[in-house]
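Good morning, and thank you for the time on the agenda.

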Amino acid sequence: HVDVPEDHPRHDSLLTRHRIEDGVDRGITSRQGLIAQGRGEAYDYLLGERTIPSADEAERAAAAQLLLADHPVLSVNGNVAALVPEEMVELAEVVGAELEVNLFNRTEERVAAIAEYLHEHGAGEVKGLRADGRIPGLSHERAKVDSDGIGDADVVLVPLEDGDRAEALAATGKVEIVIDLNPLSRSAQSAAIPVVDNIVRAVPNITRHARELADAPRDELEAIVADFDREAALAAAERAIRTGGDGEE
Ligand code: ATP
Ligand code: MG
């Protein structure tokens, strides 16, 4: 295990990095996942490694959207599993969503290892092993989903997703919530609700909002979703990166 001094100014970021390394060692995170993490760290550094106000609003809208859904599914890849396994299981419970392992570089070994890792962190059923459905417009391996999981979902949370796949999924008409630290990435750009925040902060914060909203009437949840402005949220994140401020006008 790695010791990061508590008083190190970038303590959380370094711990997060070690969790990804550990994920690679366990066979749940791909080597490409290391590169994705590096890209994420760069944006997080520019954002001040904090949840900016527009991201908090997006997280509240995401919570409302997941609570409103008939069949919400949370997609889990190797980075997500390495960084927030318990937190994803908890969010799934609070909003009544299913968990589905969904990989850009799919191997049956990695799907099974991630499903097992989620079970170890308290997950019940985990989808993604059957892979009997396809997202239209993607090549065979990258198109695979469970027909009764993401294939049948009306709202899908896809953290750290590849741009092509995020676009193809959005084109199916499902409501797509993306967590991605790069507001210019095609994944964030194609989302109905782009959450520009580190997944280690975003998921617990979506869960916190979902708990607060659990007993809210439908029309209140619908108003939160309707009032959310995706263009404004993306612009605020870009402003925060460019100016070093909190992105508010
Ligand atoms: P594009 O969407 O423009 O096509 P891409 O999909 O090829 O880009 P990838 O490297 O596949 O980009 O995806 C990694 C994305 O995940 C990056 O945008 C990165 O900022 C983001 N990311 C990485 N780690 C985290 C994290 N811990 N929390 C949130 N986002 C992260
Ligand atoms: Mg992307």
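Let me begin with Ile199, which touches Val80, Leu83, Val84, Pro159, Leu160 and Ile179, residues up to four places away in sequence being left out. By contact I mean that two C-beta atoms, placed from the backbone, lie within 7 Å. Ile199 sits in helix 10, residues 199-213; helices here are DSSP runs of H or I with at least four residues, strands are runs of E with at least two, and both are numbered from the N terminus. Ile199 counts as buried, with 21 C-beta neighbours inside 10 Å. The cut-offs are as follows: a residue is buried if 20 or more other C-beta atoms lie within 10 Å of its own, exposed if 12 or fewer, and partly exposed in between, with C-beta atoms placed from the backbone.

Before going further, a word on provenance. This is a predicted model, in which local features need pLDDT of at least 70 and side-chain atom pairs count only at pLDDT 80 or more, while totals for chains, interfaces and linings use all residues. Residues are numbered from 1 along each chain as its sequence is written, and chains are lettered from A and ligands numbered from 1 in the order in which they are written.

Under "binding site", an unreviewed UniProt entry lists Arg17, Arg39, Asp180, Leu181, Asn182, Arg186, Ser187, Asn198 and Ile199. UniProt positions are given in the numbering used here, feature names are shortened, and such annotations may be inferred rather than shown by experiment. The listed positions span 183 residues in sequence and their farthest two C-alpha atoms are 23.7 Å apart, so they do not all gather at one spot.

Another of the listed residues is Asp180, in the loop between strand 7 (175-179) and helix 9 (186-190). Is Asp180 buried or exposed? Asp180 is buried, with 30 other C-beta atoms within 10 Å. Beyond four places in sequence, Asp180 is in contact with Leu160, Ser185, Ser187, Ala188, Pro194 and Val196.

I turn now to ligand 1. Around ligand 1 there are 18 residues, of which Ala36, Gly40, Gly163, Asn182 and Ser185 come nearest; a residue is near a molecule if its C-beta atom, placed from the backbone, lies within 6 Å of it. Which helix gives the most to this shell? Helix 2 does, with 5 residues, and both helix 2 and helix 9 supply at least two. By class, the shell divides into 7 nonpolar, 7 polar and 4 charged residues. In that scheme Ala, Val, Leu, Ile, Met, Phe, Trp, Tyr, Cys and Pro are nonpolar, Asp, Glu, Lys and Arg are charged, and the others, Gly among them, are polar.

An open sheet is formed by 6 strands in the order 3-2-1-6-7-8, with parallel pairing; strands pair if DSSP finds at least two bridges between them. Strand 3 and strand 8 (193-195) are the edge strands, each pairing on one side only. Strand 1, residues 72-76, has 5 of its 5 residues buried. From strand 1, Pro72, Leu74 and Val76 point one way, and Val73 and Ser75 the other. Strand 1 runs parallel to strand 6 (residues 155-159), joined by 3 bridges, with Val73 opposite Val156. Strand 1 also pairs in the parallel sense with strand 2 (residues 98-101), over 4 bridges, and here Leu74 stands opposite Leu99. Strand 7 and strand 8 share 3 bridges, and Ile177 has Ile193 as its bridge partner.

Leu74 and Leu99 lead us to Met88, whose contacts beyond four places in sequence are Leu74, Val76, Val80, Leu99 and Val203. The largest nonpolar core has 73 residues, and Met88 is among those touching the most other members, together with Ala62, Leu66, Leu118 and Val195. Helix 3 (residues 53-68) gives the most to this core, with 8 residues. Such a core is a set of buried Ala, Val, Leu, Ile, Met, Phe, Trp, Tyr and Cys residues joined through C-beta atoms within 7 Å.

Glu49 is partly exposed, with 16 C-beta neighbours inside 10 Å, whereas Ala131 is buried, with 22.
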